[in-house]
Amino acid sequence: IEGNVDYLDLRRQLVRIDQLLIHSGTETALVERALESWLSKKTKSPGAKAQINYQTHCRLALRCNIARVLLQEQFRGFAARLADSPLLQFFCGLDELGTVRVPAKSTLQRYACWWPEEEVHRQIQQLLNTGQQQPQKFNLEKPLDLEACFLDTTCVKANIHYPVDWVLLRDATRTLMKAVELIRAQGLKHRMEEPFVFIGRMNGLCLQMTHARTKADSQKQRKRILRQMDGLVGTVRQHARRYRDLLDEQWSQTEWTRREAEQVLRRMEGVLQQLPKARQQARERILKGELVENHEKILSLYESEVQVIVRRKAGAEVEFGNTLLLVESPQGLILDWQFFGESAPGDAKLLTPSLKRIDEAYPEGPKAVGGDRGFDSEKNREALAEGGIYNAVCPRAPQQLRERIKSWKFKKLQRRRAQTEGRIAIFKNNFLGKPMRSKGFENRQLTVTWAVLVHNLWVIARLPEKEKEPEAAAA
């Protein structure tokens, strides 16, 4: 294939990443860990054929995850693209004679959780250590540069709508009534109106609430409509609780297995447990006009570990998601990261723990640290001086900044530190997805770690390679 620069560039990247996975030992290590974990769960030792088949799935899982994150495809889209692309089939090891069996979207979803986050995290650190200490394995012109690090934090937005109080009541009504409709379709029924009737009534009230802002007595109208919503969602809650108990007791009369029934029960229970608090929150904010503390708010009925993050930036005064700390090397490799489920502490409190993790992960710790003024504090300055690490963190005090800016080394590292903003944008938009669609904090954390692995492989694949010797090239 000639003339298509984008395709040729993608092919070169995949071939180079294929070499890195093999020569670094990352693929072998992950397959061995997965096989050991799988064998430890078996009461009876499986045969050689079963073990070979599982290893094949491990290798396929690793490469499918890497290719999917690199191409920013969802499970369904990547399954179709993999079936249609000989290049992806080569990278994933599916280029066989005869029938090519491509994993379906459900299999790709299982592959995404094939390894625990800790194991993938460990292999990323091992990959960077190998590139620094044994660059010949990667055929690099120079070893990886891990002597400096640059820190910054960002918000990874959750895949939720804007958290409006009365919209939470609409979400609860839709989820519960759709679950009730599934249960009724299995032949289990209590006397009630059809579920879509309740959804239609709630949608009508939502439209009224939206248009109430344009009326002269908007506050009075909003309170009146919310009372109707609250009464409706109370009725919905009663019906949902009856159907939940009915399914729990008589699930054997349906066509579902117990696991399928429990899936519906968990979906209903998760909303039913939060609904009283969501109703109270709406009453306090709309009826009473009282403020609710950020840590007490329900932002989503489906994503409990989402925080209100005040950014105070143009176009992003407040964001809803989780804080992510990224630490990059001069070459753009991500050395350390931390994804926070709870509210993250201030930036100044993140620097010392991050440096400690870097010292434990890499034999040669950083010799210089750069960051914006949010990471500056007296305690951090003292810790860097004690560790013999050059402090290139921008000081908060203007007089200190005027003094430090006289140093050429400080100016050079601060100029490089500004590029970390671009690295964060590349990582979030090109590897995490916009938005990141993983559900649940553990799955989002695992997605972040996979994105770091793919990002680092992508960066290493773009570094200059060592030129072949004339004799070897001639041979």
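The model described here is predicted. Arg184 belongs to helix H8, which covers residues 165–185. Beyond its neighbours within four places in sequence, Arg184 is in contact with Lys189, His190, Met192, Glu194, Pro195 and Tyr243.

The protein as a whole contains 18 helices and six strands. Its C-alpha trace spans about 85 × 70 × 50 Å along the principal axes. Of its 475 residues, 47% count as buried. Among contacts with a separation of 6 or more, 66% join residues 24 or more positions apart. The accessible surface comes to about 25,700 Å², and carbon and sulfur atoms make up 48% of that surface. The protein carries 77 positive and 59 negative charges, whose mean positions lie 6 Å apart.

In soluble globular proteins, nonpolar side chains tend to be buried together. In this model, the largest nonpolar core holds 83 residues, of which Ile66, Trp115, Val369, Phe427 and Ile460 touch the most other members. Helix H17 (residues 441–462) gives the most to this core, with 13 residues. Another core, of 42 residues, lies apart from the largest one.

| Core | Size | Residues, among them |
|---|---|---|
| Largest nonpolar core | 83 residues | Ile66, Trp115, Val369, Phe427, Ile460 |
| Another core | 42 residues | Ile199, Met229, Val236, Val264 |

Leaving out residues up to four places away in sequence, Ile66 touches Ile17, Leu21, Phe91, Trp450, Val454 and Leu457.

Conventions:
Residues are numbered from 1 along each chain as its sequence is written. This is a predicted model: local features need pLDDT of at least 70, side-chain atom pairs count only at pLDDT 80 or more; totals for chains, interfaces and linings use all residues. Side-chain values use heavy atoms; hydrogens and water are left out. Helices (H or I, at least four residues) and strands (E, at least two) are DSSP runs, numbered from the N terminus. Contact means heavy atoms within 4.5 Å. Buried means under 20% relative accessible area, exposed over 50%, partly exposed in between (1.4 Å probe, protein chains only). Accessible areas come from the Shrake-Rupley method with a 1.4 Å probe; for residues, only the protein chains shown count as cover. Lys and Arg count as positive and Asp and Glu as negative; His and the chain ends are not counted. The place of a charge is taken as NZ of Lys, CZ of Arg, CG of Asp or CD of Glu. A nonpolar core is a set of buried Ala, Val, Leu, Ile, Met, Phe, Trp, Tyr and Cys residues joined through side-chain atoms within 4.5 Å.
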